[in-house]
Amino acid sequence: MASDETILSVEGLHVRFHTLDGIVDAVKGINMHVKAGETVAVVGESGSGKSQTMMAAMRLLASNGEATGTVAYRGANLLTLTKAELNEVRGRKITMIFQEPMTSLDPLYTIGNQLMEPIMRHRNVGAEEARREAIKMLKLVRIPEPERRMKSYPYEMSGGHRQRVMIAMAIANDPDLFLADEPSTALDVTIQAEILNLMADLRKRLGMSMIFITHDLNIVKRIADRVYVMRLGEHPYTKALLAAEPTGHKDPVPKTTPTMLAGTDMRVTFKVGGGLLAGEPIYLKAVDRVSVTLKRGQTIGIVGESGSGKSTLARALLKLLPSEGSIHFDGRHIEKLDPQAMRPLRKQLQIVFQDPFGSLSPRLTAGQIVTEGLLVHEPSISSRERDRRAAQAFTEVGLDPANRNRYPHEFSGGQRQRIAIARAIILKPKVVVLDEPTSALDRQVQKQIVELLRDLQKAHNLSYLFISHDLAVVRAMADHIMVMKDGRMVEQGSPEQIFDHPHEDYTKRLMAAAFVDHAEASA
Amino acid sequence: MLRYVFRRLLTAIPTLFVIVTISFFLIRVAPGGPFNQERGLNPFIKANLNRQFGLDEPLWMQYLNYLNNLLHGNFGPSYNLPDFTVTELFKVGLPVSIQVGTSALILALIIGGILGIVAALRQNKAADYAVIATATAGSTIPTFVIAPIYQLTFATTLALVPVATWGNGALLNKIGPIVTLALPQIAIVARLMRGSMIEALRSHHIRTARALGLSDWSIIVKHALRGALLPIVSYAGPAAAALLTGSIIVETIFQIPGVGRYFVEAALNRDYTLVMGTVVVIALFTIVFNLIVDILYAVVDPRVRYD
């Protein structure tokens with residue numbers, strides 16, 4: 001497929017950011033070449049500059065960023081083109097999709113409107129023809145009912161479908177080069193596989209070159225002709241990435257271990273329509289008669305696609321959502337407790353969220369974030385004692401206590417997740433809900449967080465409810481697994497039962513999507 | 001949507017009722033009454049006046065009478081301007097205040113909006129700092145300082161406009177009050193616009209638009225500005241209610257026959273009916289403009305649905 005013609009060549013590319021702390025070098029003299037029809041993968045952990053390389057090539061750097069060197073597209077240096085010349089290339093010859101499918105489309109315009117815009121701009125065609133083209137593109141990316149979907153707004157579509165629309169926009173003008181920055185990382189495993197297959201298929205059909213940024217070597221194996229590894233040089237780093245898959249397993253707790261948190265026959269119903277004057281109310285059963293028993297020191301992994309009710313169940317168990325069914329915590333029934341009566345129990349029931357950035361207030365320092373709970377739950381302790389506890393919590397999660405006065409944005413994704421964990425454990429909880437705590441992190445950091453969580457569990461005899469759609473992580477963490485679908489529990493058992501001998505079709509499909517390359521490799 | 005508007009207007013009724021009730025009794029709690037004067041009125045005359053206006057009846061009876069009148073659209077007579085009913089006072093004054101207030105609001109939205117957008121596009125450059133500095137100054141210098149400076153410069157020294165007169169609302173007479181009223185609003189709108197525009201320009205979908213090679217016009221106006229308008233819309237609603245019901249300072253300094261001065265004067269004079277009238281008018285404006293804001297929200301943002 002690949003010819004000898006080089007269409008993109010990056011030479012001596014430097015990217016710098018001017019920040020308040022001085023100049024930060026994000027990319028230090030990269031060289032890279034892409035030939036016509038070739039698919040090149042760029043791998044490396046977060047912070048290695050792989051995204052910034054592509055952003056620099058597309059002239060999409062933040063306003064404090066600066067790129068030097070050359071990024072030549074068929075001989076023209078993209079870094080020095082005038083804006084008008086550049087906009088003849090962007091969206092026409094070179095296009096790009098991003099890792100945030102949920103926010104990369106304009107929420108205020110219909111899919112059709114957004115698809116037609118680049119077609120009309122670059123091809124000089126009228127609205128009618130652009131509309132026909134747009135529908136054709138939607139068909140090409142396999143969006144069902146494309147005519148109807150033209151009138152949909154992004155918020156009416158799932159993440160997977162939004163990423164398909166992004167792909168449709170990117171290929172609409174038949175580009176030479178397609179840049180994809182972690183296009184499937186934020187999606188469910190089953191959807192990920194579909195998106196990757198679609199992209200591989202489109203690449204073949206349209207004969208374009210592709211640069212694929214990823215931290216997932218499974219994807220690299222599946223899709224790339226050639227790999228660039230950013231950071232320490234190719235060979236050793238490739239090994240490190242492979243080894244970074246979370247490993248190990250957890251032994252089950254003895255049968256006689258006392259129960260910490262149990263929910264029996266839990267039901268959570270949301271009203272999704274109707275109202276005072278709007279006719280019959282419509283209800284959605286988000287959790288439908290699910291029972292859970294979490295013992296001291298146990299880790300229950302809850303898996304399932306997004307929308308299967310995993311998070312809702314966990315939140316209901318912590319009484320963060322109204323629910324039906326009985327909840328038992330540490331020897332007493334808590335389902336009838338009002339918020340006032342719940343308050344003293346709250347410190348023992350902590351939760352760590354997926355998005356370490358979104359769940360930390362940007363206006364508080366890391367130290368303030370971690371000690372905020374102490375102010376509420378143990379207001380009597382002195383500020384010096386509070387400070388000592390914060391330093392201890394920082395050390396325990398592997399952060400330097402000297403960095404307590406920094407703000408969240410000054411930490412990396414993995415460090416932010418450590419702050420979120422420190423915030424939970426400083427209160428000495430008994431149960432911690434971990435809601436996709438590693439999903440936004442890349443593999444190497446994931447592995448470190450998994451190990452940290454394990455150590456903390458051993459040290460404090462914590463009980464974990466571990467929610468994730470990443471089955472490799474669940475397998476490494478949990479000693480009991482529940483599989484959820486559409487609010488119901490379809491299967492549960494030990495990791496060996498679920499992973500090696502799944503009964504339900506749904507579970508089998510989840511496994512197939514998650515471990516496809518392991519299967520291929522061993523076959 | 002129509003059903004939503006209807007429902008919102010229905011819920012305005014209890015809101016108004018609560019406002020009327022609280023302010024009716026609050027103003028009565030204040031010592032004195034409409035006919036207390038420095039030298040003291042002949043008790044016989046005062047009793048006569050009180051009887052004429054029904055102020056000799058028990059308070060709850062007065063309250064019920066007032067509510068009854070209100071339901072018939074009758075705000076009652078003004079106690080201190082006995083030749084006029086409250087309704088007549090508003091009929092004369094309200095159009096003046098609305099005229100000045102609307103002009104000031106439109107001026108503020110256009111100029112403030114443009115300044116804010118320019119500042120956002122030139123973030124941390126000279127133009128941005130100039131806008132921020134002016135806006136900060138504009139929102140800190142009080143109206144009663146700006147107005148006399150305007151009068152001194154343009155009326156007394158340059159003799160381009162009259163110092164303070166309304167006449168029949170000739171354009172020259174209106175410039176002063178409109179500009180004075182608009183300046184602080186321009187400053188606020190510019191700062192709001194700058195902030196929300198900077199945030200909008202940083203969003204992921206703007207990055208998508210740039211990656212697709214769309215024109216600056218489309219990126220700024222179509223994709224960034226529309227979303228950035230939402231905070232402006234929410235600010236403009238309550239601001240409109242405040243501006244359109246007049247400003248005591250501006251109306252006093254420029255001698256404008258609007259309704260802004262009624263509120264303070266009536267409260268000081270215990271002109272109960274006029275106070276109540278002003279409260280009801282301001283409450284109505286606030287309710288209506290908040291409703292308009294919510295409707296505009298749905299127009300700008302398709303995710304907002306009320307049905």
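In chain A, strand β1 (residues 6–19) runs antiparallel to β2(A), and eleven bridges join the two. Strands here are DSSP runs of E with at least two residues, helices are runs of H or I with at least four, and both are numbered from the N terminus. Two strands pair if DSSP finds at least two bridges between them. L13(A) stands opposite I30(A) in β2(A). The open sheet has four strands, ordered β2-β1-β4-β5 (chain A), with antiparallel pairing. Its edge strands, β2 (22–35) and β5 (76–77) of chain A, each pair on one side only.

This is a predicted model: local features need pLDDT of at least 70, side-chain atom pairs count only at pLDDT 80 or more, and totals for chains, interfaces and linings use all residues. Residues are numbered from 1 along each chain as its sequence is written, while chains are lettered from A and ligands numbered from 1 in the order in which they are written.

Now take helix α5(B). Its buried residues are V131(B), A135(B) and G138(B). Buried means 20 or more other C-beta atoms within 10 Å of the residue's own, exposed 12 or fewer, partly exposed in between, with C-beta atoms placed from the backbone. Down the axis of α5(B), the buried residues fall within an arc of 65 degrees (taken from the directions from the helix axis to the C-beta atoms), so they line one face of the helix. On the other side, A126(B), A133(B), A137(B) and T140(B) are exposed. The buried residues of α5(B) pack against α4 (86–121) and α7 (171–201) of chain B.

Terms used:
Contact = placed C-beta atoms within 7 Å.
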